Amino acid sequence: MEDRYEAGIELAGTEVKSIRAGTLNLKDSYCTVKDGELWVHSMHISPYEKGNIFNKDPVRTRRLLMHKREIRKLQALVKQDGYTLVPLSVYFKDARVKLEVGLCKGKKNYDKRDAAAKRDADREIDRTMKSRNR
């Protein structure tokens, strides 16, 4: 994680009610910059149970609201340096819904191997400690 940004989200009324009820899932969601606008993809907001025809598609692409200069800066970083924009959390600020977007850089293969080796070593230590305590 290199940096964090706060963005507003363009939502329908029933989506806000659904978020207040806690039916939001950020798993597998990501952000892109297209035509000078920031978009979030695969963010699942379950339909509001008391809503009717006004319910929207749960996984539709939603526009994020940020200053134009911030979006241009993020677009340049994503394009050149291989960064990715990842939604981290959703929260309410006063009456508005905000999305925290993280600017992340992917791991290299040798980093992945190091992380896997460390995880395996920790698992082995935990097993040994557990067997000693019995």
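Q: In the hairpin of E7 and E8, which residue takes a positive phi?
A: Asp 94 does, with a phi near 60°, in a hairpin that has two residues between its strands. This is a predicted model, in which local features need pLDDT of at least 70, side-chain atom pairs count only at pLDDT 80 or more, and totals for chains, interfaces and linings use all residues. Residues are numbered from 1 along each chain as its sequence is written, and side-chain values use heavy atoms, with hydrogens and water left out.

Q: What makes E7 and E8 a pair?
A: Two strands pair if DSSP finds at least two bridges between them. Strand E7 (residues 83–93) and strand E8 (residues 96–105) have 10 bridges in the antiparallel sense, so they count as paired. Lys 93 stands opposite Arg 96 in E8.

Q: Why is H2 called a helix, and what is its span?
A: Helices are DSSP runs of H or I with at least four residues, strands are runs of E with at least two, and both are numbered from the N terminus.

Q: Why is Gly 82 called partly exposed?
A: Buried means under 20% relative accessible area, exposed over 50%, and partly exposed in between, with a 1.4 Å probe and protein chains only. Gly 82 has 47% relative accessibility, so it counts as partly exposed. This residue is found in the loop between H2 and E7, and its phi is positive, near 75°. Across the protein chain of 134 residues, 26% count as buried.

Q: How do you know how the radius of gyration of the protein chain stands against that of a compact globule?
A: The radius of gyration is taken over C-alpha atoms, and the globule rule is 2.2 Å times the number of residues to the power 0.38. For 134 residues the rule gives a value near 14 Å, but the protein chain has 20 Å. Its C-alpha atoms fill a box of roughly 60 × 40 × 25 Å along the principal axes.
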